[in-house]
Amino acid sequence: MSNRRGKAYFETSPAAPPPLTVETQRVARFEEVDSLHVVWHGRYPSYFEDGRAAFGGKYSFGYMDMYNAGFLAPIYQLHFDYHTPIVFPEEFRIITRAIWSDAARLNFEYELRGPAERLIATGYSVQLLTDLNFNLLVLIPQYLERFRNLWKEGKLHG
């Protein structure tokens with residue numbers, strides 16, 4: 001996935017495992033649009049969140065899984081590149097990809113696609129890891145380490 005300039009959002013080493021991907025279907029709801037029937041740009045963070053939640057469901061790596069394992073993953077960076085608008089009541093797909101990182105963080109890329117594969121938006125998020133008291137973690141928690149090992153071994157399937 002790339003930004004408007006055609007560059008990848010995240011660079012990974014050749015040894016990194018391929019991204020983990022999940023797709024989610026959505027429909028633009030009336031409450032999300034302005035008087036021109038265009039989805040307000042401030043709704044896009046919730047679409048990216050829908051993608052992250054679907055990722056957590058597919059790979060058993062959701063927010064409550066992390067919480068129960070003793071850590072959190074708050075958003076550190078969130079970026080969007082808008083390409084074309086979503087209009088009411090358009091159907092669209094949210095494609096979410098987890099991108100490998102050797103650091104104690106989670107990198108996600110997002111792509112919103114409308115009918116006929118029309119590109120709506122791309123973007124990314126970076127989530128840093130904290131303990132339950134919001135202290136930054138520099139070591140990877142055991143739960144994430146097990147998940148990463150399964151990812152490296154190609155054992156994560158949806």
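Reader: Where is the place of aspartate 102?

Author: Aspartate 102 lies in the loop between S4 and S5. Helices (H or I, at least four residues) and strands (E, at least two) are DSSP runs, numbered from the N terminus. This is a predicted model, in which local features need pLDDT of at least 70 and side-chain atom pairs count only at pLDDT 80 or more, while totals for chains, interfaces and linings use all residues. Residues are numbered from 1 along each chain as its sequence is written, and side-chain values use heavy atoms, with hydrogens and water left out.

Reader: Does aspartate 102 count as buried or exposed?

Author: Aspartate 102 counts as exposed, because its relative accessibility is 58%. Buried means under 20% relative accessible area, exposed over 50%, and partly exposed in between (1.4 Å probe, protein chains only).

Reader: And which residues does it touch, leaving out those up to four places away in sequence?

Author: Aspartate 102 touches Ile140 and Arg148. Contact means heavy atoms within 4.5 Å. Aspartate 102 and arginine 148 are 46 residues apart in sequence, and their C-alpha atoms are 9.4 Å apart in space.

Reader: What joins S4 to S5?

Author: A hairpin of five residues connects S4 to S5. Strand S4 (residues 91-99) pairs with S5 in the antiparallel sense, over seven bridges. Two strands pair if DSSP finds at least two bridges between them. Within this pairing, alanine 98 stands opposite phenylalanine 108 in S5.

Reader: How many of the nine residues of strand S5 are buried?

Author: Eight of the nine residues of strand S5 (residues 105-113) are buried, so S5 is largely enclosed by the rest of the structure. For S4, seven of the nine residues are buried, so S4 is also largely enclosed by the rest of the structure.

Reader: Which other strand pairs with S4, then?

Author: Strand S1 (residues 20-27) pairs with S4 in the antiparallel sense over eight bridges. Threonine 24 stands opposite isoleucine 94 in S4.

Reader: And what about S5 and strand S6? In which sense do they pair?

Author: S5 and strand S6 (residues 119-128) pair in the antiparallel sense, with nine bridges. Asparagine 107 stands opposite valine 126 in S6. S5 and S6 form a hairpin with five residues between them, and alanine 116 in the turn has a positive phi of about 60 degrees.

Reader: Why mention a positive phi at all?

Author: Most residues other than glycine have a negative phi, and most peptide bonds are trans. Glutamate 117, in the loop between S5 and S6, has a positive phi of about 65 degrees although it is not a glycine. Glutamate 117 counts as partly exposed, because its relative accessibility is 44%.

Reader: Where is serine 60 found?

Author: Serine 60 is in the loop between helix H1 (44-59) and helix H2 (63-68). Its phi is near 50 degrees, a positive value in a residue other than glycine. Serine 60 is partly exposed, with a relative accessible area of 49%.

Reader: What kind of peptide bond joins phenylalanine 88 and proline 89?

Author: Phenylalanine 88 and proline 89 are joined by a cis peptide bond, with omega about -5 degrees. Proline 89 is in the loop between strand S3 (75-82) and S4.

Reader: Changing topic: where is glutamate 153?

Author: Glutamate 153 is in the segment after helix H3 (142-152), and it is partly exposed, with a relative accessible area of 49%. The C-alpha atoms of glutamate 153 and proline 17 are separated by 8.3 Å, and the two residues are 136 apart along the chain.

Reader: Now the whole chain. How many helices and strands does it have?

Author: The protein chain has three helices and seven strands. From the N terminus on, the elements run β-α-α-β-β-β-β-β-β-α. The radius of gyration is 16 Å, close to the 15 Å that the globule rule gives for 158 residues, so the chain is as compact as a globular protein of that length. The radius of gyration is taken over C-alpha atoms, and the globule rule is 2.2 Å times the number of residues to the power 0.38.

Reader: What share of the 158 residues is buried?

Author: Buried residues make up 42% of the 158 residues in the protein chain. Of the contacts in the protein chain with a separation of 6 or more, 70% are between residues 24 or more positions apart.
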